[in-house]
Amino acid sequence: MRLALRAVSLRGPGLPGWTGSVPVLCDPSLWTDGPVRPPPLMTLPPNERRRAGPISRLALSVAEEACAQTSLNTVTVSSVFASANGDGGVIDSILRAITTSGEDVSPTQFHNSVHNAAAGYWTISHGSISPATAIGCFDWTFGTGLLKAAAEAVTENHPILFVAYDMPIPGPIGTVRITPVSFACAFVLDPDVDAPAMAQLTLTYDASAPDATDLPEDPSLRALALGNPAARSLPLLRLLALRQAGTISAGCLNGALRIEVTPC
């Protein structure tokens, strides 16, 4: 599959959006740890803005930044939202309410517990009735989500927004599903290879290949990549920041996605 990569964004520790992150991705020695603070989401109506949890706000922040770099009408753009953990904070709250005498499950928490909550808030914020898919695939979520997004863009012949995101899980679940850091990234893919783009991507899926994902060589970025399934995108993001051609592998379940990057 060949696609034009029209826009990209990310948000993670020491990586505050695409423009602010490019110098760090080019020279990882500049990386310093820092809080992950998504900006206010002004596209959401006030009621939904109050209801949206931290992980949905994180996902929408990178989606908004990526789409703002294009001239695409967000009402008509299909989307794929990929998260390995879903909203672990909400699930922890619900489980505590269920197992604590006298506590009730919050309707808002229940509303946010579904895996497609972030995708739902995206469609609400833009008044979109275009297809929006939510996908989760444990530590292979980035590769599998990118494969799903690219396949839909090519077969349906329309641009698509791909968002990968995850956050640490509090409580008992977080002691066995350890996700140390918050991270999110977004890509706008277009099957029209003549469209304005920052890079061309050639994707090849091999179901028989080992499901390994390439990791950054730099120790700091490597730790981030190992600390959040969405941050497995860092080798791709680094190639894009460097405006450098290259090939990386993103593990899927099963197999792997080979990603060839050609800067425009």
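1. Searching the whole structure turns up 6 aromatic pairs (Phe, Tyr and Trp rings, the last by its six-membered ring, with centres within 6.5 Å; planes under 30 degrees apart are stacked, over 60 edge-to-face, the rest tilted). Bear in mind that this is a predicted model, where local features need pLDDT of at least 70, side-chain atom pairs count only at pLDDT 80 or more, and totals for chains, interfaces and linings use all residues. Numbering starts from 1 along each chain as its sequence is written, and side-chain values use heavy atoms, leaving out hydrogens and water.

2. Take Phe81 and Tyr165: ring centres 6.3 Å apart and planes at 75°, so this one is edge-to-face. Phe81 sits in strand S3 (residues 78–82) and Tyr165 in strand S5 (residues 160–166), so the pair ties together parts 84 residues apart in sequence (strands are DSSP E runs of at least two residues, helices H or I runs of at least four, numbered from the N terminus). Both Phe81 and Tyr165 are buried (under 20% relative accessible area, 1.4 Å probe, protein chains only). Ring pairs also join Phe81, Trp122 and Tyr165 into a cluster.

3. Phe142 and Phe187 have ring centres 6.1 Å apart and planes at 50°, so call that pair tilted. Phe142 is buried at 2% relative accessible area, and Phe187 is buried at 1%.

Methods
Buried < 20%, exposed > 50% of the residue type's maximum accessible area, 1.4 Å probe, protein only.
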